[in-house]
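Subject: Structure handover

Hello,

Here is the structure I promised to pass on. Please look through it first, then read my notes below.

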Amino acid sequence: KIINGQITSETQWKLTLLPKSEGYLVIPPIHYGNKKTKAITIKVTKASKSSSPQTSQLIFLDASTDKKEVYVQEQILFYLRVYQRSQLANASLSKPDIENTVNESLGEGRSYTAQHNGYTYDVIEYRFAIYPQKSGKLIIPASVLSGSIASNSQRFRFDPFGNAGKPIRRKSQEVSVMVKPIPASYPKNVPWLPAHNLSLEETWSPAPPIFSVGEPVTRTVTLNATGVASSLLPPLPVPNSDDIKVYPDQPSNNSIAGTDGIMSERTESYAIIPTKGGGIQLPALNVHWWNTTTDTLEIASINAQHINVKGSQRHHQTDSMVNAPPPTISSDDVAPPSVAGSSPSTNSTWTWIAIAATSLWALTTIALIWSLKRKKIATVTEDVQTAYVFSSHKLNENQQQFSKACKTKKPSSNEKKFTL
């Protein structure tokens, strides 16, 4: 500011206070450096009826759910609506934060107009899918909207300093929902799966499938469910049979927001390899689920299928086959040779294999014996040479000592030295 030709600066802080109780309250002084403000005493009274959403407020919040009673993990649609007849600046809206639940937002806010108590409001509606994870009473806490409303004198005036007007704070009502446990009639050995609707479908690659022994065919099974979060979909059953090998791929989960909440799908693919030719029965795939619309148990199924496999049986070697002892064959189990049934090419092949194996064994044995003999001869030669060198040296030394003893005529003094 410029006052009397002098430039002065000013800083303002706007603090919004929200009293928690009725009565007289004292706002304490605010200190800044060596300066401080005066304490302010205010009177807080009970909110008047005009502050309820049923009257002509400029802005208010409303919260509701589509159900008041659900099963554990059943979908609850939660609606949070902002009603306003005035522009709101610096708006901030808290979203639901609920313990022991899985929450998913159903997209951006939806805008429309609505009549309420004779007034027309602009409405922004936010939707959430809530999945309670434990039974009992579920409390969805109040959401809070804060911002500033421009006064009548400021509503159409541009304010470069951002003074938007009167600060407000609005709260929605709490919403309670009763969460029931899993029904006693639901099977104990299958995953609990509540949904509005559920279906199973399959595709094959190649299509139509052609089955041959040892050749893979890919089967893709898709579970579609409405009213279930994709993270809550259970794994699908995999066919189990002694006549096939199954090699699963990594499953995938996807979900989109629809008018009835979350629409989810789980896709699982696996390669099926037949291990024998002829007719094979693929078992049925069953998924148990609880229909929350009719409150009944249902089963989604892919029926059992009979397939024809080309080719003959293949024996797949396993660890048990490798470690198993060779079978004992008695003379009664050996069939007599049959000239008509023998195959000359097969017999010739096995004969040459036997000759090659025998020759290789003989050469290995000869090489081993030759290597051992060379090592033994070298060791004996070294010992003889060592002993020989030692004995010759000792003999020369003793001879010199004997001659010396004879010259001194004292052979008894050197008697102990004459040892080999």
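A nonpolar core is a set of buried Ala, Val, Leu, Ile, Met, Phe, Trp, Tyr and Cys residues joined through side-chain atoms within 4.5 Å. Buried means under 20% relative accessible area, exposed over 50%, partly exposed in between (1.4 Å probe, protein chains only).

Some ground rules. This is a predicted model: local features need pLDDT of at least 70, side-chain atom pairs count only at pLDDT 80 or more, and totals for chains, interfaces and linings use all residues. Residues are numbered from 1 along each chain as its sequence is written, and side-chain values use heavy atoms, with hydrogens and water left out.

**Cores**

The largest nonpolar core has 52 residues. Phe 78, Leu 193, Leu 198, Leu 200, Val 221 and Val 228 touch the most other members. Strand β9 (residues 76–84) gives the largest share, five residues. Strands (E, at least two residues) and helices (H or I, at least four) are DSSP runs, numbered from the N terminus. Another core lies apart, with seven residues, including Leu 61 and Ile 149.

Val 228 has contacts (heavy atoms within 4.5 Å). Leaving out residues up to four places away in sequence, Val 228 touches Tyr 131, Leu 193 and Ile 262, among others.

**Aromatic rings**

There are ten aromatic pairs. Rings of Phe, Tyr and Trp (its six-membered ring) pair if their centres lie within 6.5 Å; planes under 30 degrees apart count as stacked, over 60 as edge-to-face and the rest as tilted. Tyr 71 and Trp 290 are edge-to-face, at 5.9 Å centre to centre and 75 degrees between the planes. This pair links distant parts of the chain: Tyr 71 is in β8 (residues 69–71) and Trp 290 in β26 (residues 285–291), 219 residues apart. Both Tyr 71 and Trp 290 are buried. Together with Tyr 186 and Trp 192, they form one aromatic cluster.

Lys 180 lies over the face of Tyr 71, 4.1 Å from the ring centre. The test: NZ of Lys or CZ of Arg within 6 Å of the ring centre and within 35 degrees of the ring normal.

β14 and β17 (residues 175–180) pair in the antiparallel sense over five bridges; pairing takes at least two DSSP bridges between two strands. Gly 136 stands opposite Val 179 in β17.

Best wishes
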